[in-house]
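Here is a short briefing to read alongside the model. Have the sequence and the 3D view open as you go.

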Amino acid sequence: MGQFRQTTHEVTLTAAGGATPTVRVWDLPTSVPLTKLSIAISSAGVITAAGNLAWNVVFGGKWVQTPFNSVHSGGISQLNNVIAGGAEIAAVVYTTNNILATNNVVGPNTMEKNGLPIVLELTNAKAAAVTVYVTFISEILGMNA
Amino acid sequence: MGQFRQTVKTVTLSATGGATDVVRVWDAASSVPITKLAITISSGHEVAPAGDLDYDVLYGGGWCGTPFDPDTTHIGGVSQASGTITGSAEIAQYLHTDTDILPANNAAGPNSMRLYGFPIVVELTNDKVVPVTVYVTFISEILGTHY
């Protein structure tokens, strides 16, 4: 059993049709492979109806600007759905026990040897802005190579 | 949880119809079994439209020259997954994952795998009219053995 890490992003999405109803957030960079990835969303009491918040877990793609501090585009969808509504809801939206590659990168638009971003795209379908919380958890794997 | 290893191959393919528009690369040699294999590719910012780069993940096959040597040739094998990478200015993606236990892949010699030969190979085919350089990463967990 290795070391685990956890990072939480606070995400504010404008109302549907607003400037930023769709936002991407991502896991932290790492120089070693990962496994046992888990991604959770807490609706912070603002998602009250099913279908109001859609999510899409994406691996890969590219950083359009500064990696981990910019815009991300593309990638391969691993799983997508909408979270169930409630006065408050927290849901694990994705887990995998596969090995995930290192995701540190050389620079914008240049993944080269070690770039494989782990990204969650959120889309607000509500007529009002919402703020939710996305948590990434994973186990860091030691290297012997 | 065992130790993991990672190896990255830089692959340059000539333009479609060129001398090296199809190239095979492989995981590093191992004298013990491995598991939790993951193979990824980064397009190196050169594969733009979808369909410009095809891949085929192969297990087994034969070495025609010195096993694992960068200048050797690998032929045959059994396809595990194949497709084309999605294009964009840059793209990174998984080609293949496998949590099965895979045999040791060190080999006795050219065309003679004998007891321990089980290459893990990716074949790349460039469909572009210009050369491209991409990066293929192999990650796996090394399993101890007890004879």
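A:Ala44 sits in the loop of chain A between strand E3 (34-42) and strand E4 (53-59); strands are DSSP runs of at least two residues, numbered from the N terminus. This is a predicted model, in which local features need pLDDT of at least 70, side-chain atom pairs count only at pLDDT 80 or more, and totals for chains, interfaces and linings use all residues. Residues are numbered from 1 along each chain as its sequence is written, while chains are lettered from A and ligands numbered from 1 in the order in which they are written.

**Positive phi values**
- A:Ala44 is not a glycine, yet its phi is positive, near 55 degrees.
- A:Ala44 counts as partly exposed because it has 15 C-beta neighbours inside 10 Å (buried means 20 or more other C-beta atoms within 10 Å, exposed 12 or fewer, partly exposed in between, with C-beta atoms placed from the backbone).
- B:Lys36, also not a glycine, has a positive phi of about 50 degrees, and this residue belongs to strand E3 (residues 34-42) of chain B.
- B:Lys36 is buried, with 24 other C-beta atoms within 10 Å.

**A sheet in chain B**
- In chain B, 4 strands make an open antiparallel sheet in the order E2-E9-E4-E7 (strands pair if DSSP finds at least two bridges between them).
- Its edge strands, each pairing on one side only, are E2 (22-26) and E7 (78-84) of chain B.
- Strands E4 (residues 53-59) and E9 (residues 120-126) of chain B are antiparallel partners over 7 bridges.
- B:Tyr59 stands opposite B:Ile120 in E9(B).

**Where the chains meet**
- Chain A gives 24 residues to the contact and chain B gives 26 residues (contact means C-beta atoms, placed from the backbone, within 7 Å).

Definitions and conventions: Two residues are in contact if their C-beta atoms, placed from the backbone, lie within 7 Å.
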